[in-house]
Amino acid sequence: MLDDRAAGNPLQSIATEFAIDRRTTLKGAAAVTAVGILLGDHAHARSIGAPLHPVVPEPNRAVVRTTINGQPFHLTIDARASLLDVLREELDLTGAKKGCDHGQCGACTVHVDGLRVASCLTFAAKVDGREVTTIEGIGSDGELHVMQQAFIDHDALQCGYCTPGQIMAAIACVNEGHTNSPDEIREFMSGNICRCGAYPGIVAAISDAATRMRRG
Ligand code: FES
Ligand code: FES
């Protein structure tokens, strides 16, 4: 409604009408902005200078076809993931342990195409088309691997945290032909640390198992 002063003046009436419309519009915009903020609408939040949540990019994905402990796997994984994390977190194969996550302790040792690798330093995407063996896959028909039995026989562990990695490295060490003396075993097992200091038993177990594996 226009007031009496504006009634006879077309310019005044337009100005008054504009003022009403402008006030209504501003009120409406403020209400919409408030609702937007309450609902977490970042477009509205940005318009009044509120901080934005960081934009998280979609992680890069990689498709990996691999064989793990004789079983085929077709995985879609984060291309940046380590083999250790995929084994432990996605496939529930928790035998390989995370000790240092920096390639310095050997607790995460597994085999890729028969060769020992530190799975914490190996991109899971790199095992595409390859065969992975973990501690869960070395026994057969419910029987322990010769190396596992030798570790038990020689009391080659205390807390056991390093043991899966020690056993995987030890099997590789035998297959590489580096078990001809206790010194050679110590040298070629030096990448596997045992914080409990079970080294005498570990060397004895490897020496014993090497003899039996060569026979077998
Ligand atoms: S966890 Fe991989 S070497 Fe220590
Ligand atoms: S048995 Fe405890 S770290 Fe090796």
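Which residues does Q166 touch, not counting residues up to four places away in sequence? In this predicted model, Q166 touches F151, M189, N192, I193, C194 and I202, where contact means heavy atoms within 4.5 Å. Q166 lies in helix 6, which spans residues 163-176. Q166 counts as buried because its relative accessibility is 1%; buried means under 20% relative accessible area, exposed over 50%, and partly exposed in between, with a 1.4 Å probe and protein chains only.

Residues are numbered from 1 along each chain as its sequence is written, and chains are lettered from A and ligands numbered from 1 in the order in which they are written. Local features need pLDDT of at least 70, side-chain atom pairs count only at pLDDT 80 or more, and totals for chains, interfaces and linings use all residues, while side-chain values use heavy atoms, with hydrogens and water left out.

The average pLDDT of the chain is 82, and 72% of the residues score at least 70; pLDDT is the predictor's confidence in each residue, from 0 to 100. Over residues 1-51 pLDDT stays under 50, and for this stretch the model has 17 contacts beyond four places in sequence.

The chain has eight helices and five strands, taken as DSSP runs numbered from the N terminus (helices: H or I, at least four residues; strands: E, at least two). Along the sequence they follow the pattern α-α-α-β-β-α-β-β-β-α-α-α-α. Of the 216 residues in the chain, 35% are buried. Among contacts between residues at least 6 apart in sequence, 52% join residues at least 24 apart.

Strand 1 and strand 2 run antiparallel and are joined by eight bridges; two strands pair if DSSP finds at least two bridges between them. The two strands form a hairpin with two residues between them, and N69 in the turn has a positive phi of about 50 degrees. V64 has L75 in strand 2 as its bridge partner.

V64 and L75 also occur in the lining of the largest cavity, together with T66, I68, I77, L83, V86, L87, L91, A124 and V127. On a 1 Å grid over the protein atoms alone, a cavity is a set of points where a 1.4 Å probe fits but cannot get out, and a pocket is an open set with protein on both sides within 12 Å along at least five of seven lines; lining residues have an atom within 4 Å of a point. The structure holds one cavity of 30 Å³ or more, and the volume of the largest cavity is about 40 Å³. Grid points are joined across faces, edges and corners, and a volume is the space filled by probe spheres set on the points. Strand 1 (61-68), strand 2 (71-78) and helix 4 (83-90) each contribute at least two residues to this lining. Its make-up is ten nonpolar, one polar and no charged residues, with Ala, Val, Leu, Ile, Met, Phe, Trp, Tyr, Cys and Pro counted as nonpolar, Asp, Glu, Lys and Arg as charged, and the others, Gly among them, as polar.

L87 is located in helix 4 and counts as buried because its relative accessibility is 0%. Beyond four places in sequence, L87 contacts I68, D92, L93, V110 and T134. The C-alpha atoms of L87 and I68 are 9.3 Å apart, with 19 residues of separation in sequence.

The largest pocket has a volume of about 160 Å³. Its lining comprises 14 residues, of which G106, T109, A118, G191 and N192 lie nearest its centre.
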